[in-house]
Each structure stands twice: as C-alpha cells, then as structure tokens.
Amino acid sequence: MPDVIVLATGGTIASRHDDSGAAVAADSGADLLGSAGEVAGVTVTVRDVVRADSSALTLDQLDAIRAAVTEALSSPDVAGVVVTHGTDTMEETSLLVDLAHADPRPVVFTGAQHPADSPDADGPANLAGAIAVAADPAYRGLGVLLSFAGEVQTVRGLAKVSTTAPQPFSGGLPVAKLAGTAPHRLLAKNAPIADVRVDVVASYPGADGALVDAAVAAGARGIVLVGTGSGNTTVELADAVRRAIDGGVVVVVSTRIVAGPVDAAYGGGGGAADMVSAGAILSRRLRPGQARIVLLALLAAGVGPRWIEAYLGR
C-alpha cells in the first residue's frame, strides 16, 4: 500500500464557527483525516505544521511549510505528500514549494471553500481526492499540484478568482495537457525567505510614487507593481519605479487583470514599455502574489535580475 503524508496548516478546511459566528481554524490534521474517511489502498500519516488562516501566514511559516514538505519526502517509503491549506494564499505557498521541488513524487495542495461545520463542507471530499492523487504514480514528475473540486492542475500560474465558487482557482495548467513533461525547476536548493522584504504596490488612477518610495525607505529589496491593463501605471508611479531601480531595488511589473499576458505595449511615460526602459522586469504570466514569491525566493538565493527576468518573462 502506498504511504501518503498529510501536512495540515489550517485554513477554511480546518475552520469552525466560534460564538461570534466567525470561522476560525480549529481542527487538527487528524480531525480532517477523520472527516475524509479512508482512501482505499492508501496508508495515511498526518502531521500538524501550522494552524492558521492562510491570510495571516508569515514568511517564517511559509518557510516551515516548505521545510515540512522536504522532511516528509526524506523517507523513500512515502509515495506523495498532501498539504491542506487556506485558499486565500494557497497560490503563494504552493509555488514556493514548487520552485525547488525536483523530487518526482507528487506534492498536492488542497483546501475548502466552506468551513468544516458547514452543511456544504467540501473539505472532506477535496482531501480524499488529494490523497488519491498523491498516491497515484500517474502524477509523478509533474511538480506541485492542486487538487480541488475534482480537478487537478499545476500550481504555476495559479490564482484564486472566486470567493464562493466550488472551484475557486484558475490559471494552472491542467495535468492532462502536460503530456508527461516535467515542469522547469528554478532553484537547486531552498533558501529561507523570512529575512527578505518584497512589497506590493498597486497602481490606480491618480497614484503617485509615495508608496514605492515608502517601500524603498523601509528596506525593500524588491517591489511588485500591480499595474492596470497589460502592466501600465501613472507617470508619477513610473518615475518612482525608476528611482527605486536606480537605488538597487528589483521591480517586477504584474497586473490586476485575471487573464492575459503582461506586455510592454504602451508608452506615454507610465506604460509598461516605459518601466522596461527604466529596468523593470515584466511578470508575463504570474499574477502579483506568485510574482512576489518568485522574487522573494530568488533574492533569498542570491540570484540576480537576469535570472529573475528569464523566469518571469516566460
């Protein structure tokens, strides 16, 4: 029988309503496994790593989750790993794990849209499905995966696009389209990200450079700019980006738009073309949350802007 390790980190899948009616992470990994029931032919071991809403996770805790995955895979008897996680920042943590996951055994993230004590609780079915995926040799060599609402997709490019839909994620590549090709690995080893500061600044009509300047003053080594459209911003914000880059800060441009590439198609002083001319890097596919994780991981590993551009520009 294949062995699967489940790493529990909290999130909606582990949440129950308190006396005020708010959902709070409460259930242990053993509780989650008990509600999911047995998966035929699979032996499951559960480990609790964190118990928190994913919106509140710190970079130290992301490092701890990644380390727990590495530890779980240290045994050759383990067929795969499942990570239960809140949906709010699942796209970030899963990509952090994926960046250096060269082991062919699957690591599968899952969660829930409804708390454990909801009459519509979807966590048990999602967890059972993720365990089955982690144990299945057909999913070897595909990197870190998301199993949610009966669908399996890669986590690179993933974004949460709905707060209520049974399947809240899109952007990952459906596993059926991978044709057995293992995803590209970027890092040979993991470096802790907790001591690296990367801030996110949004563009909007009338935005000036105050928030970019503040991030630089606070010690940011990197900034992810959430542009409008295909990665555009205001003239004033673009000027602040230029100042930040001249000061040695790496600036990556993403977009608030859910689908479509970021592209240096517009100028005029605040377009993406102007920021590229100033030395900014376009995150062509990854949205802000995942672009920040890449920037954190690469800066922590001592990787220079050329490598960052090579990865985010694909």
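Predicted model: local features only at pLDDT ≥ 70, side-chain atom pairs only at ≥ 80, totals over all residues.
Helix 1 covers residues 29–36, and its buried residues include Gly29, Leu32 and Ala36. Viewed along the axis of helix 1, the buried residues fall within an arc of 60°, so they line one face of the helix. Ala30 and Gly34 lie on the other side of helix 1 and are exposed. What sits over the buried residues? The cover includes strand 1 (3–10), strand 4 (43–52), strand 5 (78–84) and helix 4 (123–135). Just after helix 1 comes Gly37, with a positive phi of about 80°.

Four strands make up an open sheet, in the order 11-12-13-14, and the pairing is parallel. The edges are strand 11 (198–202) and strand 14 (281–282); each has a single partner strand, so one side of each is left without a neighbour in the sheet. For strand 14, two bridges join it to strand 13, residues 250–255, and the two run parallel. Val253 is the residue opposite Leu282 of strand 14.

Last, the helix pair. Helix 8 spans residues 288–300 and helix 9 spans residues 305–312; they pack at an angle of about 150°, and their axes are 10 Å apart. With over 145 degrees counting as roughly antiparallel, that makes helix 8 roughly antiparallel to helix 9. The crossing of helix 8 past helix 9 is right-handed. Which residues make the contact? From helix 8 they are Val294, Leu295, Leu298 and Leu299, and from helix 9 they are Trp307, Ile308, Tyr311 and Leu312.

How values were computed
Residues numbered from 1 in each chain as written. Heavy atoms only, no water. Pairing = 2+ DSSP bridges. Buried < 20%, exposed > 50% of the residue type's maximum accessible area, 1.4 Å probe, protein only. Arc of directions from axis to C-beta. Contact = heavy atoms within 4.5 Å. Axes fitted to C-alpha atoms, helices over the stretch in contact; angles between N-to-C directions. Parallel < 35°, antiparallel > 145°, perpendicular 65-115°, else oblique. Left-handed = near helix turned anticlockwise from the far one by under 90°.
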